2 protein chains.
Amino acid sequence: MNELKGACIIGQSGGPTAVINASALGVIRTALDSESITRVLGAAHGIKGVLEDRLYDMGQEDAAELDLLKYTPSSALGSCRYKLADPEQDDTDYKRILEIFKKYDVRYFFYNGGNDSMDTCNKISKYMQKVGYECRIMGVPKTIDNDLNGTDHCPGFASAAKFIATTCMEVHRDAHVYDTGMVTIIEIMGRHAGWLAGSAALATWAGYGPDLIYLPETDFNMDEFLADVKAVYEKTGKCMVAVSEGIHYADGTFVSEAKTSATDGFGHAQLGGLASMLAEIVKKETGAKVRGIELSLLQRCGSHVASQTDIDEAFMAGKTAVEAAVSGVTDKMVAFKCSRDNGAYKCEASLEPLDIVANFEKKVPREWINARGNGVEQPFIDYVLPLIQGETKAPKENALPRFAKLKKVLTIEM
Amino acid sequence: MNELKGACIIGQSGGPTAVINASALGVIRTALDSESITRVLGAAHGIKGVLEDRLYDMGQEDAAELDLLKYTPSSALGSCRYKLADPEQDDTDYKRILEIFKKYDVRYFFYNGGNDSMDTCNKISKYMQKVGYECRIMGVPKTIDNDLNGTDHCPGFASAAKFIATTCMEVHRDAHVYDTGMVTIIEIMGRHAGWLAGSAALATWAGYGPDLIYLPETDFNMDEFLADVKAVYEKTGKCMVAVSEGIHYADGTFVSEAKTSATDGFGHAQLGGLASMLAEIVKKETGAKVRGIELSLLQRCGSHVASQTDIDEAFMAGKTAVEAAVSGVTDKMVAFKCSRDNGAYKCEASLEPLDIVANFEKKVPREWINARGNGVEQPFIDYVLPLIQGETKAPKENALPRFAKLKKVLTIEM
């Protein structure tokens, strides 16, 4: 046991999720309770808050409000998309971070984010080792995209998947009330990985969901797509389609950006996005009534329908990061190792080197996608289903969400 | 007591809601239990199912599945937008309806819908009286638009309002994570009445919601709108706006359809709708990052976050319709009379003549909207808040909604 006393900083980075604050709470609560950690500081807007010396003293927060972070969506401390330079080329930021770490005697740094955040952790960790400043640095994963390497899944993904599946079921019912033809196209987030779009298949599995699902793991072919939609439409009078925002042609061009012959005349597609563009094309080709629906931000912040499994695992990820760091671990990301034997789901935290996570996007295995590339197979369902279980215990006030109200006392103002 | 024995028909019409099936269940369950009603028939796709002799025998349904209708969104029997002709000009449909009523000895007709459905009820009722066929006809209201005259509010509205408020709160949190500028524009249903758009103010009231709300009850002025957005944006770096899809200029032109100088160059606005169009304009005028979000069908079918008050009242409306009809009442719509004295909400069913409902759209009182026309006042909140109370008791299976699975046995196939 290598005891290290000092302050800690927790920062959040990248796009928010429904449960990223549950992870932050896991860090903050465990750190506040730790005897090794003398002070818990929250960075305003991630690493930018460190660079700008904008740090909140989390010890000043009311404990009950803090606990509400478990059910508050989005990044409560604020987020950023700031990318640190390569320290070999420009170490300005690193010097500044070291200065701030020394100022507050920071010996623990927890960063809550996706691929880029793990890269940030890795760079800071290497720099601190180089200059001989003892500091334990841990990554706490989050991303609705579920594309981090080295972990069974990422906190945030399951709640978004649950929102998507629930919404697809409801929209499916809505789109089937008239005895007139109707095609519905639902656009789902996920630029490079189809985990979220694939989750729409949970709705189909439950009885009411998309007939066709297109992921970015396979090349999109407009002619095949139109043929698939027409076939379902002609047979049933309806067709429901889920598309990942990241679907692309064989040459890598995103469908949302492409100006193919089929999209000619719809040059303002950026106005409405992919779903609207595909809706226009399908309308033109089939004559059907078509509605394009973009789930937009709703899918990543829909905490009212979050998975309690996801919330609890997100909290556990934060807690594990602190416990591991206090016990001497550094330079790791908390990951999940899961088993699903005979339907019994078990999830345990593990610690993975930061660099196996960085610069690699985990995609849906090709064999989990059907041969035609317009749906997912049972292994995908078996993978996702345990993750969405459990109704959120999020408290309400006047039947509306009761989010955490933090005081956010800046250290420089104290 | 004027006892009338015979079959009943229940039909659903117009756009679906999260609770329209709760009303249908109120009718079906009460009718199945009634000694006066000999058979309960569900019309496939509203009045079209009557005209086409496509009627489901509801007595064949499993009782437990039927009960799930209370928590199943959209119109389980199918809906239509079929408008009956003026019987003075063309009585073909009425003769056919009479024929079907006679065929099944239908003595009770319950129609579950909005303005047009009440008009349909009224016309059928008058025709049956004219030809001397004894039949009791009752309207059961539904509409997320909340624009029916003669009732405090309409079943379906509150659940949509709750979805909108909850979603606005979550999106507000999401839109505030970065320390960079951001304008969010949320498009909400309601072509002629602003009840739904106004409900976004519940989010603001609860701490996280739109800064500006535009309803169709006032004329929209693009210059004032841009000035309002800029003022908020310049002060706070963010601005969240809720707009009704029905906002229009002083000359009555819908903003979504207008080609003003401000929208020139965005001629394909139909691709993305109003939110995308306004987002483009605001982006151009302010230079801010702007995101347009259309709540689309999600707001009217979002049963997972429905108001249990709404669900229970919707059921009560259906039940009341049957009880009143059996006791001798005809030619009425079930309405709600509510009191909100000192925060104590009470709702009782009343019976209103069908013709006070038809052809009049109840709008948000001007005095509930602020002078500038960019927000609502406290009386609006006081009106809506009691309606959204109560968490839905909707059952789940595998953490996903468990909707009613009906057998839908057609009488002509029996």
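**Entry 1: the buried residues of α1(B).** I looked up which residues of α1(B) are buried, a residue being buried if 20 or more other C-beta atoms, placed from the backbone, lie within 10 Å of its own, and I found B:I20, B:N21, B:A22, B:S23, B:A24, B:L25, B:G26, B:V27, B:I28, B:R29, B:T30 and B:A31. I note that this is a predicted model, in which local features need pLDDT of at least 70 and side-chain atom pairs count only at pLDDT 80 or more, while totals for chains, interfaces and linings use all residues. Residues are numbered from 1 along each chain as its sequence is written, and chains are lettered from A and ligands numbered from 1 in the order in which they are written.

Twelve of the 14 residues of α1(B) are buried, so this helix is largely enclosed by the rest of the structure. I then looked up what covers these buried residues, and among the elements of chain B that do so I list β1 (6-12), β2 (37-43), α3 (63-67), β4 (106-113), β5 (136-141) and α12 (308-326); helices (H or I, at least four residues) and strands (E, at least two) are DSSP runs numbered from the N terminus.

**Entry 2: the span of α1(B).** From its first C-alpha to its last, α1 (residues 20-33) of chain B reaches 20 Å, close to the 20 Å expected at 1.5 Å a residue, the expected span being 1.5 Å times one less than the number of residues.

**Entry 3: chain A as a whole.** I counted 14 helices and 13 strands in chain A, and 60% of its 414 residues are buried. Its C-alpha atoms fill a box of roughly 70 × 50 × 45 Å along the principal axes.

**Entry 4: how the chains meet.** I find 52 residues of chain A in contact with 52 residues of chain B, contact meaning that the C-beta atoms, placed from the backbone, lie within 7 Å. On the side of chain A that touches chain B, the largest share, nine residues, comes from α6(A). I also see that 100% of the interface residues of chain A are interface residues in chain B too, so the copies meet through the same surface.

Key
Contact = placed C-beta atoms within 7 Å.
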